[in-house]
Amino acid sequence: MTGEQQDWDIVSGVGITALSVAAARAVDTSRADGLIRDPFAAAFVEAASPPRPIPTRADDIPADDHTWGPLSRLLALRSKFFDDYFFSATAAGLRQVVILAAGLDCRAFRLDWPSGTTVYEIDQPRVLEFKDQVLAGLGARPASARRLVPVDLRDDWVTALRGAGFDSARPTAWLAEGLLPYLPDEAITRLIDAIHELSGPGSTVGIEHFDNAQAVFDDPKVAEGADDRGIDTGALFAGGSKKSPDEYLSSLGWRTTTESIFELSDRYERPLGGVESQLFGGRYITGTLGR
Ligand SMILES: C[S@@+](CC[C@H](N)C(=O)[O-])C[C@H]1O[C@@H](n2cnc3c(N)ncnc32)[C@H](O)[C@@H]1O
C-alpha cells in the first residue's frame, strides 16, 4: 500500500478489501457445500453498509456474474488451506499465533484452539476498531486468548507486538494471507526478516504470494470487480514481491512447501469454474523453521 491512510474507512480504500474478503467468507458459509464456516462474516458487511452492495449469500450472486462466484470459491479455498495450516501448527504443539494484516479474519473466534493458545491480530487501527465493534455487538467470544495489535506494518510493528505480550522465545505460527500485494518489495523482505528474527525453532509460516501481483491488478476481470466495489487498485497496491518468499525463507533455513490454487481446488474437491484470471496465479506457501 502506498501513501497516507488518513482518508479511508471500512467502505473505501483498504477497508473495502478486508470487507470484500469477509463477504466472500459469508458467501461460502451460505453454501451447502461450503468449505468454511464463518458465522461472523456477513455481520461486517451489514454493519458497514457499503454504497455498492456486496453479496453475502451465494443466492444473491447473479447467474451471469462470472467474477464474484469464482472469486468467493478461491477465497474459501485459501481460507480453508490456512485454517488447516493452523490446525497442523497447533497439533504440533504451537500455542502462539500471529495473524499479520488480520483484517476481518475471525479465526480467533471460529477455530477450535487448544487451551493456552494466544492469537495476535495485527492490522490498521481503524480496521480492528470496526471489527471489534461488530463482534461486541454480536456478543462474540474468542475461542483463544486474543490480543489486538493496531499498527501499520510499515511502522515498528515488532515493538507493538512485543508490547502486546508476544514472546519470541516461544515458537510461533505466522500468517500473511492477502497481504503481500499491498507491500512494496523491500517491505516484504523486511517483513520476512522480522518473522525470522522473532521465530524460535519449530515456528511455522503461512503466506499467500503472487509472482506477478501487478498482473493481477491489471487483469480486466479483477479491474472490473474492483471497480464495482469502489476499490482503487492503483492507489492501494504496491505490486508485491519481485522475489519468491519461499526461496527467501529457504535461504534463511525454513523448509517450505508451495501449492497453487489449482492444487488446493483438487485437494478440497471444489472446482473453480474454469475462469481464466490472474487472481488464480497465487501460490500458497507454508514453512517450518528447523534450526
Ligand atoms: C485483503 S485484506 C485481507 C485481510 C485478512 N488477512 C483476510 O484474509 O481476511 C488486506 C488487509 O491488509 C491490511 N493491510 C494492508 N496494508 C497494511 C499495512 N501497511 N499495515 C497493516 N495492515 C495492512 C488491510 O488493512 C486489510 O485488512
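## Helix crossing and an aromatic cluster in a predicted model

The axes of helix H2 (residues 41-48) and helix H5 (residues 125-138) come within 10 Å of each other and cross at roughly 110°. In this predicted model, local features need pLDDT of at least 70 and side-chain atom pairs count only at pLDDT 80 or more, while totals for chains, interfaces and linings use all residues. Residues are numbered from 1 along each chain as its sequence is written, and side-chain values use heavy atoms, with hydrogens and water left out.

The angle makes H2 roughly perpendicular to H5 (65 to 115 degrees; axes are lines fitted to C-alpha atoms, for helices over the stretch in contact, with angles from 0 to 180 degrees between N-to-C directions). Helices are DSSP runs of H or I with at least four residues, and strands are runs of E with at least two, numbered from the N terminus. Helix H2 contributes Ala-43, Phe-44, Ala-47 and Ala-48 to the contact, and helix H5 contributes Phe-130, Lys-131, Val-134, Leu-135 and Leu-138; contact means heavy atoms within 4.5 Å. By class, the contact of H2 with H5 has eight nonpolar, no polar and one charged residues. Ala, Val, Leu, Ile, Met, Phe, Trp, Tyr, Cys and Pro count as nonpolar, Asp, Glu, Lys and Arg as charged, and the others, Gly among them, as polar.

Across the whole structure, a search finds eleven aromatic pairs. Rings of Phe, Tyr and Trp (its six-membered ring) pair if their centres lie within 6.5 Å; planes under 30 degrees apart are stacked, over 60 edge-to-face and the rest tilted.

| Pair | Centre to centre | Angle between planes | Class |
|---|---|---|---|
| Phe-82 and Tyr-85 | 6.4 Å | 85° | edge-to-face |
| Phe-82 and Tyr-284 | 6.2 Å | 50° | tilted |

Phe-82 and Tyr-85 are three residues apart in helix H3 (residues 68-91), and are therefore separated by about one helical turn. The pair of Phe-82 with Tyr-284 links distant parts of the chain, 202 residues apart, with Tyr-284 in strand S7 (residues 282-289). Both Phe-82 and Tyr-85 are buried, and Tyr-284 is buried as well; buried means under 20% relative accessible area, with a 1.4 Å probe and protein chains only. Ring pairs link Phe-81, Phe-82, Tyr-85, Phe-86, Trp-113 and Tyr-284 into a cluster.

Arg-107 lies in helix H4 (residues 107-110) and is buried, with a relative accessible area of 1%. Not counting residues up to four places away in sequence, Arg-107 touches Arg-78, Ser-79, Phe-82, Asp-83, Phe-86, Ile-99, Trp-113, Leu-175 and Glu-177.

Key
Buried < 20%, exposed > 50% of the residue type's maximum accessible area, 1.4 Å probe, protein only. Parallel < 35°, antiparallel > 145°, perpendicular 65-115°, else oblique.
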